[in-house]
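Hi,

Here is the model I said I'd pass along.

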Amino acid sequence: MEAMDIYDKDRQPVGLCTTGPKSLGPGQYRLVVHLCIFNSKAEMLIQRRRETCGRWPGRWDFSVRGCALAGETGRMAAMREAREELNLDVDLDSLRPALTVSFAGGYDELFLLRQDLNPDKLLLQAEEVSEVRWASKEELLKLRADGRFTPVSPAYLQLLFDLMENGDVMAKE
């Protein structure tokens, strides 16, 4: 497993690394990233996790998800994960994260991107991703209600669509 930086409660690196959430001590946190890609029809690209994935196998998830590795910013990690999981090069250099959310094991930095693309043309990472497709807000909320989406609150999903529709969070710096 690859090394990840450890952060304190103020999201400052403490100069230590971890190989996963189970090796974090009290007051230690990691950085997780998400990239949500929306098309011009207000649909989100979602990926289905392989049945062999350790967390939430077989469930649908955001476009891209992963942990920042040691020395990476959230932006760098999101771009790397998009390349690894979808073989998709995205440029987030001029985007700010739409949200930064604290959770029990760390910080979650979320980027929103508007891009029309053909999911059938993506080369999926065989170890983690079994399929991708576009989904409307209503479809995502139904997948979540049926337990077929990773466990995020329906209000969080609603917020992502609201932010996407507003467009301000995808503004260049």
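Below is what turned up on the cysteines and on the nonpolar cores.

Keep in mind that this is a predicted model.

Cysteines first. The structure has 0 disulfides. Take Cys36: the closest cysteine sulfur to its own belongs to Cys67 and sits 16 Å away, which is too far for a bond, because a disulfide needs the two sulfurs within 2.5 Å. Cys53 is in no disulfide either, with the sulfur of Cys67 again the nearest, at 13 Å.

Now the packing. The largest nonpolar core is made of 25 residues, and Leu35, Leu45, Val90 and Leu92 have the most contacts inside it. Which elements give two or more residues to this core? They are helix H1 (74-86) and the strands E3 (30-38), E8 (106-114) and E9 (129-135). H1 makes the largest contribution, with 5 residues.

Leaving aside residues up to four places away in sequence, Leu45 touches Ile37, Phe62, Ser63, Leu86, Leu117, Pro119, Leu122, Val132, Arg133 and Trp134.

There is also another core, apart from the largest one, with 21 residues. Phe38, Leu112, Leu140 and Leu163 are among them.

Cheers

Methods. Residues are numbered from 1 along each chain as its sequence is written. This is a predicted model: local features need pLDDT of at least 70, side-chain atom pairs count only at pLDDT 80 or more; totals for chains, interfaces and linings use all residues. Side-chain values use heavy atoms; hydrogens and water are left out. A nonpolar core is a set of buried Ala, Val, Leu, Ile, Met, Phe, Trp, Tyr and Cys residues joined through side-chain atoms within 4.5 Å. Buried means under 20% relative accessible area, exposed over 50%, partly exposed in between (1.4 Å probe, protein chains only). Helices (H or I, at least four residues) and strands (E, at least two) are DSSP runs, numbered from the N terminus. Contact means heavy atoms within 4.5 Å.
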